[in-house]
Amino acid sequence: MQYRTLGRTGIKVSPYCLGAMMFGGIGNADHGDCIRMIHKALDAGINFIDTADFYSRGESEEILGEALKGRWQNVVLTTKGHLPMGDDPNQQGNSRRWLTRAVEDSLRRLQTDAIDLYMVHRPAPDTDIEETLSVLTDLMRDGKIRAIGSSTFPASQIVEAQWVAERRGLARFRAEQPSYSILNRGIEREVLPACEQYGMGVMVWSPLAMGMLTGRYSKGHEVESRRVRVNPGYMTDDAKLAAVEQLIPVAEAAGLSLTHMAMAFAIAHPGVTAATLGPRTMQQLDDLLAGAEVVLDDETLDRIDAIVAPGTDVGPLHAPYMPPPLSEASLRRRPPALRSAA
């Protein structure tokens with residue numbers, strides 16, 4: 001396994017990051033099996049692991065806490081906070097009140113005294129970014145966090161966070177975690193250039209486009225899966241399925257599986273530090289690890305570009321983050337009495 005520097009932190013991480021979202025009740029409830037998968041990934045040279053408090057309501061972090069006993073010195077761990085962890089409206093978000101507690105809870109579940117990279121899981125329009133950066137700075141000074149980052153932030157908010165950090169003398173985001181795959185290349189337009197401008201590492205999630213790039217989903221072929229039930233519009237979108245049909249012969253011509261081509265594509269971009277694997281089973285992990293040495297030549301990348309143009313998204317996004325005006329009609333419409341020009 002080769003290693004890359006995470007932005008300008010000096011921290012070396014593997015180009016494959018083991019995502020732990022499927023460890024626990026949401027995916028694989030067998031803790032022993034999950035622990036074996038974690039150990040196999042570490043033995044294969046992966047030193048980068050990503051989780052979040054929200055994954056199975058803390059169960060993923062608890063599994064990692066057990067799995068990493070005696071191995072913490074060889075692991076760069078990321079966890080995240082923001083998403084709801086209870087019915088109380090203050091058990092979520094990016095406030096000082098909540099993030100202070102969220103970090104303490106994550107440390108307890110992980111059974112460690114410091115988190116290598118703590119990320120804000122989503123933007124919070126109701127909270128000043130200065131409030132968020134301030135509490136994270138204090139947690140860094142307390143030795144509970146070593147570096148901080150954002151997840152699924154629009155480019156404008158990435159830039160704003162950098163400006164606020166500089167002007168207020170606060171710690172700045174050192175990494176961003178956006179969605180990125182052959183089918184969803186929108187971050188190539190602004191997010192990746194912004195991250196490169198500020199020396200931020202980028203660890204992308206969903207490089208297989210929620211499983212669309214495994215080749216399992218095709219036109220006229222119904223697949224019964226949890227992903228289809230949760231995201232039917234995304235998994236059955238005609239434009240995405242048509243693109244996948246065109247990508248399959250590209251992978252075959254390169255002598256690769258579609259999965260391996262998709263993973264290799266994600267880590268080939270110079271702005272991407274690592275791509276997150278999200279296995280639920282040992283078989284899935286084995287298949288992903290088998291593609292670690294794949295290198296895509298320029299001809300293959302050119303053929304991919306011809307199918308999905310750089311900087312574009314195919315079909316609907318799976319709504320990683322929706323700014324409030326896009327989801328709430330009242331925020332993009334003036335009162336009726338003020339809508340006319342005269």
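## Cysteines

The structure holds zero disulfides, a disulfide being a pair of cysteine sulfur atoms within 2.5 Å.

## About the model

This is a predicted model, in which local features need pLDDT of at least 70 and side-chain atom pairs count only at pLDDT 80 or more, while totals for chains, interfaces and linings use all residues. Residues are numbered from 1 along each chain as its sequence is written, and side-chain values use heavy atoms, leaving out hydrogens and water.

## Nonpolar cores

A nonpolar core is a set of buried Ala, Val, Leu, Ile, Met, Phe, Trp, Tyr and Cys residues joined through side-chain atoms within 4.5 Å. The largest one has 88 residues, and I38, L136, F173 and L183 have the most contacts inside it. Its largest share, eight residues, comes from helix α10 (residues 258-268), helices being DSSP runs of H or I with at least four residues and strands runs of E with at least two, numbered from the N terminus.

A second, separate core of eleven residues includes F48, L117, M119 and M203.

## Aromatic pairs

You will find two aromatic pairs here; rings of Phe, Tyr and Trp (its six-membered ring) pair if their centres lie within 6.5 Å, with planes under 30 degrees apart stacked, over 60 edge-to-face and the rest tilted. F153 and F173 are edge-to-face, because their ring centres are 5.8 Å apart and their planes are at 85 degrees.

Y180 and F265 are stacked, at 5.7 Å centre to centre and 25 degrees between the planes. Y180 lies in the loop between β8 and α6 (191-197) and F265 in helix α10, so this pair ties together parts that are 85 residues apart in sequence.

Note on methods: Buried < 20%, exposed > 50% of the residue type's maximum accessible area, 1.4 Å probe, protein only.
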